[in-house]
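Visitor: I am new to this structure. Please take one part and look at it closely, then show me how its surroundings and the rest of the chain compare.

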Amino acid sequence: MAALKKLGILLSGRGSNFEAIAESIKAGRLDAEIAIVISNRADAPGLESARRRGLNARLIASRGRVREEHDREVITALKQAKVDLVCLAGYMRLLSPEFVRAFPNRILNIHPSLLPAFPGLDAQKQALEYGAKVSGCTVHIVDEHLDHGPIIVQKTVPVLETDDEHSLSARILEQEHIAYTEALRLMLSGEVKLQGRRVVRKNARAEAK
Ligand code: GRF
């Protein structure tokens with residue numbers, strides 16, 4: 001039997017996407033193991049949740065540190081844990097180019113909008129204020145630009161006239177939890193490849209017209 005693929009999870013806060021991934025593994029929906037969970041914040045509930053689950057959970061605090069130096073420590077921990085994929089799950093830090101190059105096309109991020117619309121902070125608020133009628137979430141490969149790399153999975157949700165930031169965020173979050181597992185399954189399956197910016201199935205055939 002092939003060895004289980006190892007995931008490294010980076011988070012800074014609540015950690016619901018991390019928990020959704022952990023639950024997918026537990027339920028047999030995802031063939032992988034979480035080799036390490038790293039938080040850059042001591043007070044992240046996600047870090048506590050990782051500890052409770054008995055996972056290899058580490059605090060590598062970032063406050064007041066030079067980005068490159070902090071990133072190097074994180075890279076070392078991920079390499080020691082021999083991770084195959086790095087999952088950013090509410091990790092509120094920009095990655096240095098060195099970090100991105102250390103795991104080429106092997107870092108994933110989830111963003112609460114349909115990229116390329118509304119990158120950056122407060123994406124749900126941006127979508128509401130813009131007047132978008134549809135929003136959603138995007139799981140993408142991380143490159144050296146913010147919320148920019150190739151798209152693996154997107155899920156849409158309607159924006160209702162009665163929505164506020166809270167209700168829209170909750171509707172999107174439900175889809176995030178589904179989307180991350182789907183994206184991981186695809187990436188770990190070995191069945192997809194990059195064609196320019198496009199993530200496509202290796203054996204994709206022309207669809208009948
Ligand atoms: C999610 O909305 C995610 O899309 C964004 O940060 C939030 C993290 O939530 N990148 P959680 O910590 O996974 O609950």
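Guide: Start with Gly-190. This residue comes just after helix α6 and takes a positive phi of about 70 degrees. Keep in mind that the model is predicted.

Now step back into the helix. Helix α6 covers residues 165-189, which makes 25 residues. From its first C-alpha to its last, α6 reaches 35 Å. That is close to the 36 Å expected at 1.5 Å a residue.

Next, look at a salt bridge. Arg-171 pairs with Asp-163, and their closest N and O atoms are 2.7 Å apart. How covered are the two partners? Asp-163 counts as buried because its relative accessibility is 11%, under the 20% cut-off. Arg-171, at 22%, counts as partly exposed.

Charge also gathers on the surface. Glu-165 belongs to a patch of negative charge there, together with Asp-122, Glu-129 and Asp-164. Asp-122 lies in the loop between β5 (107-111) and α5 (123-130). Its relative accessibility is 45%, so Asp-122 counts as partly exposed.

Move on to the other salt bridges. The whole structure holds 12 of them. One joins Asp-43 and Arg-41, at 2.9 Å from N to O. Arg-41 is partly exposed, at 37% relative accessibility.

Another joins Glu-73 and Arg-58, at 3.9 Å from N to O. This pair links distant parts of the chain: Glu-73 sits in helix α3, Arg-58 in strand β3, and 15 residues separate them. Glu-73 has 33% relative accessibility and counts as partly exposed. Arg-58 has 30% and also counts as partly exposed. These two are part of a network of salt bridges that takes in Arg-65 and Glu-69 as well.

Stay with β3 for a moment. Ala-61 is in the loop between β3 (57-59) and α3 (67-80). Ala-61 counts as partly exposed because its relative accessible area is 39%. Its C-alpha is 25 Å from that of Val-139, which is 78 residues away along the chain.

Finish in strand β1, residues 5-11, where Ile-9 is found. Ile-9 counts as buried because its relative accessibility is 0%. Arg-93 is 84 residues from Ile-9 in sequence. In space, the two are 13 Å apart, C-alpha to C-alpha.

Notes:
Residues numbered from 1 in each chain as written. Predicted model: local features only at pLDDT ≥ 70, side-chain atom pairs only at ≥ 80, totals over all residues. Heavy atoms only, no water. Patch = residues over 30% accessible without salt bridge, like charges linked within 9 Å, V, L, I, M, F, W, Y side chains within 5 Å. Areas by Shrake-Rupley, 256 points an atom, 1.4 Å probe, with all protein chains shown as cover. Salt bridge = Lys/Arg side-chain N within 4 Å of Asp/Glu carboxyl O. Lys, Arg positive; Asp, Glu negative; His and termini not counted. Charge placed at Lys NZ, Arg CZ, Asp CG, Glu CD. Helix = DSSP H or I, 4+ residues; strand = E, 2+ residues; numbered from the N terminus. Buried < 20%, exposed > 50% of the residue type's maximum accessible area, 1.4 Å probe, protein only. Expected span 1.5 Å × (residues − 1).
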